[in-house]
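Welcome to this tour. Please open the structure in your viewer and keep the selection tool at hand.

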Amino acid sequence: MATTITQTESLVGKRIRRKEDPRLITGTATYVEDIQMPGMHHAAILRSPHAAARIRSIDIQKALSHPGVVAVFTGADVEGVGPVPCGASLPGLRVPAHSVLARDRVYFVGHPVAVVVATDRYIAADALDLIEVDYEPAQAVADPEKALEPGAPAVHPEWPDNIAFTYHQQGGEPDQAFAQAEVVVKQRMTSQRLIPTAMETRGVVAEYRGVEKQLTLYSSTQIPHLMRTLVAQMLGLAENRLRVITPEVGGGFGSKLNVYAEEALMGFVAMKIGKPVKWIESRRENFQCTIHGRGHVDYYEIAAKKDGTVLGLKLKLIQDLGAYHQLLTPAIPTLSVLMMPGLYKFRNVSADIVGVFTNCVPTDAYRGAGRPEATHGVERMMDLLAAELRMDPAELRLKNFIGADEFPYATATGLSYDSGDYAAPLKKAMEVADYNGLRQEQAKAREAGRLMGIGIATYGEICAFGPSPATPAGGWESATVKIEPSGQVTVMTGTSPHGQGEETTFAQIVADELGVPLDDVVVIHGDTAIVQYGIGTFGSRATAVGGPALFYALQSLKEKIRKFGEVLLESDDVTFSGGLCICNKSGRTVELAKVAGASYRALKLPPNTEPGLVATYFWEPPNFAFPFGAHIVVTEVDRDTGQVEVKRYVAVDDCGRIINPLLVEGQIHGGVIQGLGQALYEQAVYDENGQLVTGELTDYAIPKATMAPRIETDHTVTPSPVNPLGVKGVGEAGTIGCSPAVVNSVVDALSSFGVRHIDMPLTPEKLWRLMQAGGRA
Amino acid sequence: MKRKITLKINGKIYSHEVEPRMLLIHYLREIAGFTGPHVGCETSLCGACTVSVDGKAVKSCTMFAVQADAREVLTIEGLATDGKLSSIQEAFWNEHALQCGFCTPGMIMASRQLLERNPHPTEPEIRHGLEGNLCRCTGYQHIVNAVQAAAKAGA
C-alpha cells in the first residue's frame, strides 16, 4: 500500500504572527475593566494624603448616607483579614504588620484608609470626599540615605531605626585582591526609583456566591495561582473555594507579580455585600500605590592590574524598600548581588546590602528586578576603569570575559553560568555598528566641536526562574496537553502570559511535536479552576520554564499515541512522526485524529494504558538560564541644550534558541525602550515630605514614539543546556543592556569636560549644568 | 438632571439618558457596550481611549457623552467590515505591532487619522503623529513599521 508521509515544515524558528492578535486589534478582548455583571457594585478607595500620620478618627456617616452608597469599610472592619503577604525571607528581616486598610497610622502617600462601595463609579468617587479623616501628621523621610542618618524619623515607630535588614555576601578574598591591586576605582551611583506604568492599571472584580461559599476574583495579575493561595489565606477561605481568573492583562513588567491589599479587600467586600464588586485603579493610584522599581544607591569599588585584568569588585548597596514589604521586596537587591560580577572573571567580590524603610510606596520587581541595577554597576565600573587605564572599553571587556571554554562557570557569587560565548555578541555588535569607523567619525566630530559618544555595555542576566530551592514559592512550571477526541489540541499552561505571546510560541512547539496545524492548537492560561497549579509569568521564565514543561508533556503523549498506533496498525514496530503513526514494516499509517478518537472510544487499549490522550508535566529546572549580549549606542549631546540624541542603537542578544524571531525582536525593542526610559527620562520623585511629585503621566515621562530611536537587532545563538528547548529567556534582556550602554555613551560624549559619571536620568538640565560647570557635578 | 443623547456609533443609532458629567469613554464602554477603547490615564495623555468623532480622532476621556450628541462615533469595533480587517489592523497583526494590546485600539485609531491626513508619511512624521498615544510594550518600532506597511497597502 502506497503511503505518502507529509513531513510538516518546522514552525519553531519561524516569524509567525500571533494567534492572540485578532481579539486585540478588533477591540473584542476582555480586560478586567470590561467585565460587567448583574448587580455589580463599584468600589473606590480613600487614600492617605500624608506620608506619615496618626489617624485620630474617621467619620464615615456622611458618606454612608449618600444616595447610592451601600457600604463604607475602614481599618477597624478588616481586622479579620490577614496581612498583605511578603514571600521573601532574609535572616533578621523586620516585617512590619501590613493591614489591607490602615489601622491607626498611615505610612506613605496613597496608603489605603477606607473603601466606599456604591451602585455607580461616579457615586463611589463622590462619596470619598464625604469621609472625614482627622490626621495628626508626623515627620516623614523619603530619601533612603537620609533615613539611615541618626535621628531620622522612624518610619515604623516600633523600631528604633529604619534598617529592615542587612545582608552580606562574599566570594574569594576581596580584601587581599584590593590590597594587591595596581588600580582601584571607586564610584557612587544611583539607580533611581521608577514607576512600572503598565498601560492597563490594576483592577479587581470580585463575585461571591454565598450558598456555594465560592469566591471568584478577576484580577489583572501575572500570578493567578499564587494569588489564589495567598488571598485564600488572607480571607480565611478554603483554597478550593477561591477561583482566580486573569482575563486579558494589559502589561505587568513585574508590577503585577504581587498580591496587593485590594485583591483581598475586594474579596472581603464582595463577601460582605453579597453582590459583585469592581475596583479599577486610577492612573494616580497606580503611581502612588502599585510597586515602584529600582531605588538603589550603590557604592562600587573595582580593583585591577595595570594591564586591565580585573581582580575584585566591592559593593555597598542601599536599597530603598518603601514603607512595607510587598511580595518580593527585600529579595530584589539580593539578585543584584548575585549578578554583580557580570560576564567577567571576578574571583573576589563582596557586597553589603542595607534595606531601608522610607515613607514611600514599596519597591519590588520591575522589569529586570535587581539585574539592571547590577549590570549598570559593573558596566559603569568597567568604563570607569577603562578611562582610568586609558584603554578602549571594548578591549577591556574582551580581556576579562569568561572564556567560551569555561562553561559551566562557577561565579564568585555562587551561581553556575550555563553556557555562553560572551565575546561573540560584542564582536558582532562592533561589526554591525562599525566600531572602528565610529571611533574615527567621533574624532572628526570632536574636531568639529560636536559631542558624539559611543557607549558599550555587555550584560548577562539570570533568568528562567528558577530552581525551586532558590525561589520563595517553587520555581517549576506546569503544562497539560489534551488531544481532543477529534484531534485538536488544547494546552493549559501554568504560566500567565500578558503580552509575551505564548499562545503562539507554545502552539508552535505543539505543532512541531505533534505534526498538527497551528490553528488546531489552543493555549489556555490564567484560570485556576481550569488550569493545573502554576507559578506564572515573570523573570523571563514563561518560555524557558513553561516551555520545557510543555515539551515533556508532549513527549509522554507522543509515546502514548505511538502505543495506540501499535494497536490500530496491529504492529509492534510503530513510530509517531509528522502527525502520523507509521508501521515501519508495512508502511501503513494512521493519522493523529483517528488515534485520538480510538483512544477515547477505548474499544481496545494498549497494555497498561489508560484511555484518552491527556498528559500533565510539572518541570523542575536544574538551573537558571543565563542570556547575555552586547549593546552599542551612539549619542550626540547638544552643547547648548544638553539634549541627548540617540543616533544609533545596536543590540546583539543571545537568548539561546529562538522560537519566534518576530516576538523576540518585540521583546528586545520594548525592553530597550524601557531601559532608555530609565537612562534618559524617568524618575519617581518624592519631595522631602514624602509627597509623590511625579504623580501622573504629566510629570512622569515614559518614552513616546518621538523619544524612541530605531533599534538594530541581531543575535548570536548559544543554546542553554539547562532545558531541552535550548531557550534562555528574553523578556528583560533589552532593559538590562540598555541603561549602562546609554550612560556610557553620554559620559563618553562629555569626556572632554572631564565627566566620569552621571546619575540617571540624563536630563538635558543635568547635562547642561554639568557642561556649564566644566564637568563637575 | 439626566439628558437624552442620540448618536451614531459604528453605523448604528444609540439613544440614552446620561448624566451631563458622564465621560464619553464611560458612555461608550459601560452604556453602549463598546469596550474596545480603554481608559489608561484619565488625563488625555495615553491615548488608549482614542475614537473617531465626526471623522476626527478624539481622546474620549476628555469629552463628555453629551458633547457627542447628534454626532457620529467610530470605535475600534467598527473598523473591520463583514469580518474583514482594515488594512491598518492587518498591518498591526503582520508587523507584531502589539504585545499586551491595551494601547492598540487607540493606537490603531490614531494611525488611521494619521494616514488619512498624510497617506505617505516619513518615519519622523509617523512618530510625531503617534506622540499622543503611549505604548509601554513595543518600543514603538513595530508600530512604526505597521503604519509604513499600511501606507504601502494604501490604507
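This is a predicted model: local features need pLDDT of at least 70, side-chain atom pairs count only at pLDDT 80 or more; totals for chains, interfaces and linings use all residues.

**Stop 1: a loop in chain B**

Select Asp54(B), which sits in the loop between S3 and strand S4 (56-59) of chain B. Its phi is positive, about 50 degrees, although Asp54(B) is not a glycine. Most residues other than glycine have a negative phi. Is Asp54(B) buried or exposed? Asp54(B) counts as exposed because it has 12 C-beta neighbours inside 10 Å, and a residue with 12 or fewer is placed in that class.

Now move to Asp82(B), in the loop between strand S5 (72-74) and H2 of chain B. Asp82(B) is not a glycine either, and its phi is positive at about 50 degrees. With 4 C-beta neighbours inside 10 Å, Asp82(B) is exposed.

**Stop 2: the two domains of chain B**

Colour residues 3-76 of chain B as domain 1 and residues 87-152 as domain 2. Taken over C-alpha atoms, the centres of these two domains of chain B are 22 Å apart. Their contact takes 14 residues from domain 1 of chain B and eleven residues from domain 2 of chain B. Which strand gives the largest share of the domain 1 side? That is strand S3 (residues 50-53) of chain B, with three residues. By class, the side of domain 1 that touches domain 2 of chain B has eight nonpolar, six polar and no charged residues.

**Stop 3: where the chains meet**

Show both chains together. Here 43 residues of chain B are in contact with 41 residues of chain A. To see the chain B side, select helix H2 (87-94), helix H3 (104-117), helix H4 (123-129) and helix H5 (141-152) of chain B, the elements that give two or more residues to it. The largest share, four residues, comes from H2(B). Colour the chain B side by class and you will find 21 nonpolar, 16 polar and six charged residues.

**Stop 4: a three-stranded sheet in chain A**

Go to chain A and look for an open sheet of three strands in the order S22-S23-S24, paired antiparallel. Which strands stand at the edges? They are strand S22 (574-577) and strand S24 (589-591) of chain A; each has a single partner strand, so one side of each is left without a neighbour in the sheet. Neighbouring strands of this sheet are turned by 20 degrees against each other on average, direction ignored.

Zoom in on S22(A) and strand S23 (residues 580-583) of chain A, which pair in the antiparallel sense over four bridges. One pair to pick out is Ser577(A) and its bridge partner in S23(A), Leu580(A).

**Stop 5: the nonpolar core**

In soluble globular proteins, nonpolar side chains tend to be buried together. The largest nonpolar core in this model has 309 residues. Select Ala43(A), Ala114(A), Val116(A), Val269(A) and Val510(A), those with the most contacts inside the core. H15(A), from the previous stop, gives the most to this core, with 13 residues.

Centre the view on Ala114(A). Leaving aside neighbours within four places in sequence, its contacts include Leu46(A), Ile58(A), Ile60(A), Phe73(A) and Ile131(A).

**Stop 6: cis peptide bonds and a loop residue**

Most peptide bonds are trans. In chain A, look at the bond from Phe407(A) to Pro408(A), which is cis with omega near -5 degrees. Pro408(A) is in the loop between H11 and strand S16 (409-410) of chain A. A cis peptide bond also joins Phe465(A) and Gly466(A), with omega about -20 degrees. Gly466(A) is found in the loop between strand S18 (451-460) and strand S19 (477-483) of chain A.

Finish at Arg390(A), in the loop between helix H10 (371-389) and helix H11 (393-400) of chain A. Arg390(A) is exposed, with 6 other C-beta atoms within 10 Å. Draw a distance from its C-alpha atom to that of Gly308(A), 82 residues apart along the chain, and the separation is 9.8 Å.

Methods. Residues are numbered from 1 along each chain as its sequence is written. Chains are lettered from A and ligands numbered from 1 in the order in which they are written. Two residues are in contact if their C-beta atoms, placed from the backbone, lie within 7 Å. Ala, Val, Leu, Ile, Met, Phe, Trp, Tyr, Cys and Pro count as nonpolar, Asp, Glu, Lys and Arg as charged, and the others, Gly among them, as polar. A residue is buried if 20 or more other C-beta atoms lie within 10 Å of its own, exposed if 12 or fewer, and partly exposed in between; C-beta atoms are placed from the backbone. Two strands pair if DSSP finds at least two bridges between them. Axes are lines fitted to C-alpha atoms, for helices over the stretch in contact, and angles run from 0 to 180 degrees between N-to-C directions. Domain bounds come from an automatic or database domain assignment. A nonpolar core is a set of buried Ala, Val, Leu, Ile, Met, Phe, Trp, Tyr and Cys residues joined through C-beta atoms within 7 Å.
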